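Biologist: Could we go through this chain together? I should like to begin with a loop and then turn to the helices.

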Amino acid sequence: MYLDLILSRQLSDGGWAMASQGECGDVDITAMAIRALTAYNNDIQVNNAIGKGIEFLSKNQKENGGFSSYDEENSDSGAQVLMAMVSAGVSVDDPRFIKNGNSVIDFIERFYVDSGGFRHTDEDTINSMASEQCLCGLSDLLQREENVSMKKCDDIKLRVFLNYVEETKEMMK
């Protein structure tokens, strides 16, 4: 039932969108739809939809390796795409997702703050939702890929976790 609904909502550009967004796909919604569909990828119709969604994401990747949602380049969109790529079995080194020498990982790393966390946009300070989504994407990747620097990602995760602990302490005062 829900599977058919998701499939029926795929747009002609290969993406998915919120109903209010019209006939153009949205990067975040498309990435989430792909993630939901990968559990059913043994079905040819589902596999075709995933393939069209992956192509949509590739076509909407910026030259800096990044992604936008609602006309705003942000780390959350990059993280959603990374999670979709991992779910669909697409390597971060796939040529479709390297733009001008930049990957989605390069884009996400741009938002990392050394004190532990990720910004949502270039102008933001550490954002807990952006940090959570980026960590989920990196964790998914680490579970699948062996050639990613575990030390670097583990250091990032540890710093983000410690930052959350400090934020929580401050909120409880």
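Biologist: Where is Asp71 found?

Modeller: Asp71 is in the loop between β1 and β2; strands here are DSSP runs of E with at least two residues, helices are runs of H or I with at least four, and both are numbered from the N terminus. Please note that this is a predicted model, in which local features need pLDDT of at least 70, side-chain atom pairs count only at pLDDT 80 or more, and totals for chains, interfaces and linings use all residues. Residues are numbered from 1 along each chain as its sequence is written, and side-chain values use heavy atoms, with hydrogens and water left out.

Biologist: Is Asp71 buried or exposed?

Modeller: Asp71 is exposed, because its relative accessibility is 83% (buried is under 20% relative accessible area, exposed over 50%, partly exposed in between, with a 1.4 Å probe and protein chains only). Its phi is near 60°, a positive value in a residue other than glycine.

Biologist: What is phi of Tyr70?

Modeller: Phi of Tyr70 is near 50°, which is again positive in a non-glycine residue. Tyr70 lies in the loop between β1 and β2, and it is exposed, with a relative accessible area of 60%.

Biologist: Turning to α3, what span should the helix have?

Modeller: Helix α3 covers residues 44–59, and its 16 residues should span 22 Å at 1.5 Å a residue; the expected span is 1.5 Å times one less than the number of residues. The end C-alpha atoms are 23 Å apart, which agrees.

Biologist: Which helices do the buried residues of α3 pack against?

Modeller: They pack against α1 (2–8), α2 (27–37) and α4 (75–88), where contact means heavy atoms within 4.5 Å. The buried residues of α3 include Val46, Ile50, Ile54, Leu57 and Ser58.

Biologist: What does Ser58 touch?

Modeller: Not counting residues up to four places away in sequence, Ser58 touches Arg96, Phe97 and Lys99. Ser58 is buried, since its relative accessible area is 8%.

Biologist: What happens at the start of α3?

Modeller: There, a side-chain oxygen of Asp43 comes within 2.7 Å of the backbone nitrogen of Gln45.

Biologist: And what is found at the start of α2?

Modeller: A side-chain oxygen of Asp26 reaches to within 3.1 Å of the backbone nitrogen of Asp28. Asp28 is itself among the buried residues of α2, as are Val27, Ala31 and Ile34.

Biologist: What do the buried residues of α2 pack against?

Modeller: The buried residues of α2 pack against α1, α3, β1 (68–69) and α4.

Technical notes
A polar contact is a pair of N or O atoms within 3.5 Å; within protein, one must be able to donate a hydrogen and the other to accept it, and residues adjacent in sequence count only if both atoms are side-chain atoms.
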